[in-house]
Every structure is written in C-alpha cells, then in structure tokens.
Amino acid sequence: MNGGEIYMTFPVLVEACDGQFAASLVGVPKVRVVGPSRSQAISSLRAEIERRVAAGELLTLDIETIGVSNLAGKYDKDLTLRTICDDAYRARDADRGQ
C-alpha cells in the first residue's frame with residue numbers, strides 16, 4: 001500500500017477456454033471476461049471489478065463475529081477468573097491428596 005490507499009482482494013478463477021482465457025470473479029459468475037491471453041483476461045477482469053466497485057456494486061462488509069469467539073481476550077485483565085481458576089485447581093489438588 002502506498003499513500004494510504006485501501007486495497008480489496010477478490011478471488012478470481014482463470015481458465016483456458018476455446019483457445020482463449022476466461023477470467024471470472026469466484027462466486028459471481030456474471031462477472032466474467034474472455035481475452036486472447038491470460039494476462040489480458042486478468043487485466044480486463046480487473047477493469048470490470050474496478051468499475052463495479054466504483055459503482056457500489058461490489059464492496060466488502062465487516063461482520064461482527066457471534067459466539068464464543070467474541071469472548072477471546074475480553075476478560076484478560078479481570079483477575080476474578082484467575083482467582084476462580086486458582087481456587088478450582090487448589091480444590092482439585094486437595095481431592096487428589098497433593
């Protein structure tokens with residue numbers, strides 16, 4: 001990245017097609033171009049994706065995760081959990097006769 005530019009990454013499929021190359025946006029079969037060479041097909045697809053991004057047709061969405069993954073690190077500064085764990089380990093060790 002240069003100068004604060006923001007890049008988006010899109011998965012692309014490139015395959016040989018009747019002596020030419022077809023490049024398409026994975027998951028969006030309507031976004032497909034055909035060119036005489038692999039590099040030209042990719043270049044044309046890049047231009048088509050850029051056009052659609054500029055028009056607001058393609059964008060990225062940040063989705064908040066749901067579930068226990070939201071808890072990762074949430075209580076890392078809370079000593080209560082550490083105290084509960086220490087008490088549980090002491091009780092376990094006492095039951096084992098240690």
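Modeller: Here is a quick walk through the fold, the hairpins and the overall numbers.

Colleague: What should I know before reading it?
Modeller: It's a predicted model, where local features need pLDDT of at least 70, side-chain atom pairs count only at pLDDT 80 or more, and totals for chains, interfaces and linings use all residues. Residues are numbered from 1 along each chain as its sequence is written, and side-chain values use heavy atoms, with hydrogens and water left out.

Colleague: OK, how many helices and strands are there in the protein?
Modeller: There are 2 helices and 3 strands, in the order β-β-β-α-α from the N terminus. Helices (H or I, at least four residues) and strands (E, at least two) are DSSP runs, numbered from the N terminus.

Colleague: And is the protein spread out or compact?
Modeller: Spread out: the radius of gyration is 26 Å, well over the 13 Å that the globule rule gives for 98 residues, so the protein is more spread out than a compact globule. That radius is taken over C-alpha atoms, and the rule is 2.2 Å times the number of residues to the power 0.38. The C-alpha trace spans about 75 × 30 × 25 Å along its principal axes.

Colleague: How much of the protein is buried?
Modeller: Buried residues make up 14% of the 98. Buried means under 20% relative accessible area, exposed over 50%, and partly exposed in between (1.4 Å probe, protein chains only).

Colleague: Switching to the strands, how do strand 1 and strand 2 run?
Modeller: Antiparallel, with 6 bridges joining strand 1 (residues 12-17) to strand 2 (residues 20-25); two strands pair if DSSP finds at least two bridges between them. Val14, for one, has Ala23 in strand 2 as its bridge partner.

Colleague: What about strand 3?
Modeller: Strand 3 (residues 28-35) is antiparallel to strand 2, with 5 bridges between them. Phe21 stands opposite Gly35 there.

Colleague: Which residue takes a positive phi in the hairpin of strand 2 and strand 3?
Modeller: Gly27, with phi near 90°, in a hairpin that has 2 residues between the strands.

Colleague: And in the hairpin of strand 1 and strand 2?
Modeller: There Asp18 has a positive phi near 55°, again with 2 residues between the strands. Worth a look, since most residues other than glycine have a negative phi.

Colleague: Is Asp18 buried or exposed?
Modeller: Asp18 is exposed, with a relative accessible area of 78%, and sits in the loop between strand 1 and strand 2.
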